[in-house]
Amino acid sequence: MARTLKLAAAQMGPVHLTSPRAETLTRLLTLLQTASSLGAQVVLFPETALTTFFPRHLITSPAELETYFDSASTLLTSPNTAPLFSLAKELGVDISIGFAERDDVDGKGYNTSVYFSASKGEVVAKYRKVHLPGTKEPFENPDAINQLEKRYFEPGNLGFKAFRAPGLVSGVVKKGSHDVEGGVKGRGDPIMGMMICNDRRWVEGWRCYGLQGVEVVLCGYNTAGYAPDLWGTRKPMTPEEAETDAVFHHKLCMQGNSYMNSCFSVSAAKAGLEDGKYDLIGGSCITSPEGHVLAEAKTKGDEIVFAEVDLEDCRQGKEKTFDFARHRRIDQYRPITVQTGVIEPELLE
């Protein structure tokens, strides 16, 4: 049974330190309208889509820092964010968007994304970025591109929890259905998962989703095109070479992990040259369960990447090459769950 779904990545061009939030919101609304006009049912926006990528800056003023944060509990009512969710509901388009979250209870900061269901008119899932890159303190090099997420955010504490997105595909099997011919796997509402930026480089998160039967992984990102202090300089590169490498590694992650978990993936960048100094890669793309790029961005500006997919295409991998129930050997994977850093074998005599 075909289970078609129309997906879109809403890539954004630069958002500067001086960009008013109202201006950025207007751009988000325009992207959503454009995606809707193409027939998109699900639209993914980038990581920290509401503001510039502020973790590259050392911000010492608490008042200034708070201007970059939002509460997840007020997304649907705050003037900074409500118009986007209202338009999504009006258009009947689900959206996933990344933002800097300030927790209402403990006051801690998280790099967060949410999934809003237009049919339900509410946020049905929330994810907090687990793999925070970079450092807590700025590099000594005054010209370095910093990555201070560890300073402003706590590691995500919600795990990699897949969820079903309602109202997108007709004729699906629902809870309580009995005696469904052929079984219920791959017959229900779409199974989705969210990641943020650096998470895409860590296979453990993908496999957690794969073990829940994920069919679409959504990943927004802000990835530097040139950051030798962050990445290391053993292999010196020009900025152009470094950006080409960064785009290659981004697609490698999306394509390889989509293949190994038999799922589609959508990735949306905040791209371009921010503040005249900080260059972010583009490369927003939609990838198939066979690891092929179905559609990708052609620019580093505001752009919609669109593809119509059939979730039934996930079944081949899930039932053959990557049939986890038949082929996984969890008794042999112990180091993955009990060890974090590298422990090398003993030296030879």
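Reply: Lys 300 has a relative accessible area of 29% and is therefore partly exposed (buried is under 20%, exposed over 50%, partly exposed in between, with a 1.4 Å probe and protein chains only). The model is predicted, with local features needing pLDDT of at least 70 and side-chain atom pairs pLDDT 80 or more, while totals for chains, interfaces and linings use all residues. Residues are numbered from 1 along each chain as its sequence is written, and side-chain values use heavy atoms, without hydrogens and water.

Asp 279 is also partly exposed, at 25% relative accessibility. The side chain of Asp 279 meets that of Lys 300 in a salt bridge, at 3.0 Å from N to O (a side-chain nitrogen of Lys or Arg within 4 Å of a carboxyl oxygen of Asp or Glu). Lys 300 sits in the loop between β14 (293-296) and β15 (303-310), and Asp 279 in strand β12 (residues 278-280), 21 residues apart (helices, H or I, at least four residues, and strands, E, at least two, are DSSP runs numbered from the N terminus).

Within it, Glu 101 and Arg 128 pair at 2.9 Å, N to O. This pair links strand β4 (residues 94-102), which holds Glu 101, to strand β6 (residues 122-128), which holds Arg 128, across 27 residues. Both Glu 101 and Arg 128 are buried.

Another of them joins Asp 70 to Arg 21, with the closest N and O atoms 2.9 Å apart. Because Asp 70 lies in strand β3 (residues 69-70) and Arg 21 in helix α1 (residues 21-37), the pair ties together parts 49 residues apart in sequence. Asp 70 and Arg 21 are both buried.
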